[in-house]
Amino acid sequence: AEAGVEGEHRKVSVMFVHLVGVNELLEQDGPSALLSQLQQYLSLVLDSAERYGGFLLGNDISARGIKLILVFGAPLAHEQDAANALRLGLELARGLPRMGLALRHQIGIHSGFVFAGEVGSPLRRDYTVMGDAVNLAARLMGAAPAGQVLISRAIGQEAGPGFLLKEMAPIQVKGKKAPVPVCLVEGEAPAGALPSPQTSSPLLGREDELSHLRKVCAVVEAGRGRVAVIE
């Protein structure tokens, strides 16, 4: 903390969104048109991120456009962070064409262990994530086809069988000796197509919920009807 760094090592899913066409829109239609379209797109990002538990970490403006960085699993972790990152990517990929904007985007997603915490001076501190997983997510964004969501195979496996993934040729990225296996996210799998669980596993960290369900069961066994909703 004395050195201006305070944080922890934790597992996160990182999404990079590269919003392109910004300079072209500014030159053709002027600042007001650009600001209007940016506002619409950022509203979609923020509304969707709130729904899926994502945190907009920051943005970076360059000559090629605007980069948005979103993280799942920090500063707060949720169940299904990896799956929710893919759901948000699909939401943005489907939402932008429907909005009729001139802007385009590329999306890359990866997960891994990173440093997550506050960096800065006593006068100003910013929350950030740093590590190889962040760098690889940025590389995937750069390699993503326009309008599509490119992910590492690792986060695709972590997210589970609920998604339609298209295996792509592995890509070579800076900082990696071996090519990185990647997939395009094409949609969510229909509910009927999901495999049935073949094994049971212990339910962890739900003692209060299980206790409540046991009490409900006791009431039902005594002859009084009850309804329990598990979400």
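In these legends a residue is called buried when its relative accessible area is under 20%, exposed when that area is over 50%, and partly exposed in between (1.4 Å probe, protein chains only). The structure is a predicted model, in which local features need pLDDT of at least 70 and side-chain atom pairs count only at pLDDT 80 or more, while totals for chains, interfaces and linings use all residues. Residues are numbered from 1 along each chain as its sequence is written, and side-chain values use heavy atoms, with hydrogens and water left out.

**View 1**
Because its relative accessibility is 1%, His105 counts as buried. Its side chain is joined to that of Tyr41 by a polar contact of 2.7 Å, a term for a pair of N or O atoms within 3.5 Å in which, within protein, one atom must be able to donate a hydrogen and the other to accept it, and for which residues adjacent in sequence count only if both atoms are side-chain atoms. When residues up to four places away in sequence are not counted, His105 touches several others, including Val17, His18, Leu92, Pro145 and Gln148, where contact means heavy atoms within 4.5 Å.

**View 2. The salt bridge between Glu79 and Arg206.**
A salt bridge is a side-chain nitrogen of Lys or Arg within 4 Å of a carboxyl oxygen of Asp or Glu, and by this rule the count comes to ten. The side chains of Glu79 and Arg206 form one at 1.9 Å, N to O. This pair links distant parts of the chain, 127 residues apart, with Glu79 in the loop between β3 (65-72) and α3 (81-99) and Arg206 in the loop between β8 (180-188) and α6 (207-221). Glu79 is exposed because its relative accessible area is 56%, whereas Arg206, at 29% relative accessibility, counts as partly exposed.

**View 3. The salt bridge between Arg87 and Glu188.**
Here the side chains of Arg87 and Glu188 meet at 3.6 Å, N to O. Arg87 belongs to helix α3 and Glu188 to strand β8, so that distant parts of the chain, 101 residues apart, are linked by the pair. With a relative accessible area of 37%, Glu188 is partly exposed.

Notes: Helices (H or I, at least four residues) and strands (E, at least two) are DSSP runs, numbered from the N terminus.
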